Amino acid sequence: MSSLNVQRIWTIIQFELTRLFGSKRGVVILGAFSCIWFLIYYYLISSAADLVSSGSFKDIVISVFGELNLLNILEWGIPQLSVYWIVAMYLLPVFALLFSCDQTCSDRERGTLRFILLRTTRSELLIGRFIGQVLIVSILITITLSASLILALTKGQSISINDLGLACKVLGNLILVTLPFIASMSLINSFVKSAKMSIVTYILLYVLGGILINLLSYLVADVSLLFYIYPGEQIDRVLGFNASVFDQYVLPTVQTIGFMLVANFSLKRASL
Amino acid sequence: MSLLVEVNGLSKNFGDKQALNNVSFEIKKGEPVALVGPNGAGKTTLFSILCGYLPYDTGNVKIFGSSPASSSTFNKLAALPQDAQLDPAYSIEEQLKFYAQLQGFSRKQSVIEAHRTLDLVGLKDNYKVKPLELSHGMRKRVSIAQSLIGSPELIMLDEATAGLDPKHAKDVREIVSRLSGEITFVLSSHDLSELERLCDQVLYLENGQLKTHQTSISIDSESYLTLRMKTLDNKFIEAVKSLSSVTDVNLLQGKEYLISYDPTLQSSPLDIEVLRLCHTNNWSYTQLFNGKTLENQLF
């Protein structure tokens, strides 16, 4: 990725942001996203938080959370944040995939990329669109996280500075978890022709790749290490909020950089 | 004269099919260049390689001395790619603003530039319209407008007037003609009369090979006249052949005659003599062309 022009990348990022926040289609998507999260809050987070903070179920909750290595989370002052963290950890990667499934593929199929690439390099476009998607997902995470804090306030919980610091850590960790998912979509977008195909390809690679690695691991000892390529491989270990630096920071960062480098290689050689 | 495009030994295959075979040519700053050839000859492939959309197999391609799609060609090279469509989610103004900003225009300047280019192609009243609300011809005009953003030195137009109504096709030809002094255009079209009017240099591709690379369409103009008549008269050929410098007269397709002559034998300009002959015999003509038409030169 030689001689990247920051101004052009910033222009692409801004245009990406208007795709969600400045178009009718984006507003419809945001509406659907809000409805889903309203249901999650209403039926899951709110009642689960009541359960977690309830004295009568404390022993059961400690037992279950202990089994799942989540006792650390129980100590958080805001039970809504604890439940949000667990739910978001599994749901947000799915939303990240759905939001970022059309980074370049539709534009390439339609020919729009031919107009854009007379004015910017393929690497700049790839990075600009990736950062744009990361910002969009980050904004959505911030909104849903804020909603969980507001929910806590409506339940009479007080929020201290420490709680806000913890919320910022949750935000940072959730963004970090979603990065490899968005980057993997940047890569898939470099060779598929539509958003639907990018989702189908992701599922196929995820499922078939998993089966293949499992089969090969019977024959070759270290093949299971290939699971480290998978976005979200560390989620179960990170969930307890006491994971190693490798799982929490190094693995998702390396995965993201790796996917972006391969995506850049693939997009540079693609015919438009 | 500065060299804009330099292509040497360019070849490109799609599987077993050879789209371009050892193509070499140069384009210098100046008059418009025509890229001509039958369907499947490799014109769009050549355009795509020059714009950096397609990788090539062998050869060497330089645009303004750099590789295609290199950032040093931005703001200098513009193009109308065939069949490329704008994003249906945004208005045409928003998209042209985005392109202008990528080319370095400020937010405010990009609005002015988007309006300027849309006005040039007659879309003044459609700034806020989305591409799918426009007709095919209007969308083509927006695509032409995006190629005029900034001050490019080379614009490649692939089938620019295909699908346009006669008025707007004429407008596009006028834009090309008007800007030709400052911008070098490369035009691909099946409308040879259009290219004839606009271009001074022809690249003729056939089966992926560059068959003709003429530096001037009117290269034969000193020894041929092409005369299109309203009606045919049996005496016409004999009468024209009797003129002193005429060496041969052939009836081509329709009512078109190709008159060959030797300029050294002329006592007075042959075109004047031929027109006088028509007038004397009451023969009505529709067009007199100095030289062979592009169609007759190539096919």
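**Figure 1. Buried residues of helix 2 of chain B in the predicted model.** In this predicted model, the buried residues of helix 2 of chain B are B:I92, B:E93, B:Q95, B:L96, B:F98, B:Y99, B:A100, B:Q101 and B:L102. Helix 2 of chain B covers residues 92-102, and because 9 of its 11 residues are buried, the helix is largely enclosed by the rest of the structure. Both chains take part in covering these residues: the cover includes helix 1 (6-21) and helix 7 (112-116) of chain A, together with helix 3 (107-120) and helix 4 (136-147) of chain B. Just after helix 2 of chain B comes B:G104, whose phi is positive, at about 105°.

**Figure 2. The contact between chain B and chain A.** Chain B brings 30 residues to this contact and chain A brings 24 residues. An area of about 2600 Å² is buried between the two chains, and carbon and sulfur atoms give 60% of that area. Between chain B and chain A there are 13 residue pairs in polar contact, counting pairs with both residues at pLDDT 80 or more. On the side of chain B that touches chain A, strand 5 (77-80), helix 2 and helix 4 of chain B each supply at least two residues. Helix 2 of chain B gives the most to that side, with 5 residues. Sorted by class, the side of chain B that touches chain A has 17 nonpolar, 9 polar and 4 charged residues.

**Figure 3. The salt bridge between the chains.** The count of salt bridges between chain B and chain A is 1. The partners are A:R19 and B:D87, and their closest N and O atoms are 3.2 Å apart.

**Figure 4. Strand 5 of chain B and its pairing with strand 6.** Strand 5 of chain B is covered on both faces. B:L77 and B:A79 lie on one side of the strand, B:A78 and B:L80 lie on the other, and all four of these residues are buried. Strand 5 of chain B runs parallel to strand 6 (residues 154-158) of chain B, and 4 bridges join the two strands. In one of these pairings, B:A79 has B:M156 of strand 6 as its bridge partner.

**Figure 5. Strand 7 of chain B between its partner strands.** Strand 7 of chain B spans residues 184-188, and because 5 of its 5 residues are buried, the strand is largely enclosed by the rest of the structure. B:T184, B:V186 and B:S188 point one way from strand 7 of chain B, whereas B:F185 and B:L187 point the other way. Strand 3 (residues 33-36) of chain B runs parallel to strand 7 of chain B and is joined to it by 3 bridges. B:V33 is paired here with B:V186 of strand 7. Strand 6 of chain B also runs parallel to strand 7 of chain B, with 5 bridges between them. In this second pairing, B:L157 has B:L187 of strand 7 as its bridge partner.

**Figure 6. Chain B as a whole.** The C-alpha trace of chain B spans about 70 × 45 × 35 Å along its principal axes. Of the 299 residues in chain B, 51% are buried. Among contacts in chain B with a separation of 6 or more, 66% join residues 24 or more positions apart.

**Figure 7. The surroundings of A:I159.** A:I159 is located in the loop between helix 8 (122-154) and helix 9 (161-189) of chain A. Its relative accessibility is 26%, and A:I159 therefore counts as partly exposed. With neighbours within four places in sequence left aside, A:I159 is in contact with A:I78, A:L149, A:L153 and A:L164. A:L113 stands 46 residues from A:I159 in sequence, and their C-alpha atoms are 47 Å apart in space.

**Figure 8. A:S184 in helix 9 of chain A.** A:S184 belongs to helix 9 of chain A. With a relative accessible area of 5%, A:S184 is buried, because buried means under 20%. A polar atom of the A:S184 side chain lies 2.7 Å from the backbone oxygen of A:F181. Apart from neighbours within four places in sequence, the residues in contact with A:S184 are A:L97, A:Y202, A:P231 and A:F259.

Definitions and conventions:
Residues numbered from 1 in each chain as written. Chains lettered and ligands numbered in written order. Heavy atoms only, no water. Buried < 20%, exposed > 50% of the residue type's maximum accessible area, 1.4 Å probe, protein only. Contact = heavy atoms within 4.5 Å. Buried area = accessible area lost by both parts, 1.4 Å probe. Salt bridge = Lys/Arg side-chain N within 4 Å of Asp/Glu carboxyl O. Polar contact = N/O pair within 3.5 Å; in protein donor to acceptor, adjacent residues only side chain to side chain. Nonpolar A, V, L, I, M, F, W, Y, C, P; charged D, E, K, R; others polar. Pairing = 2+ DSSP bridges.
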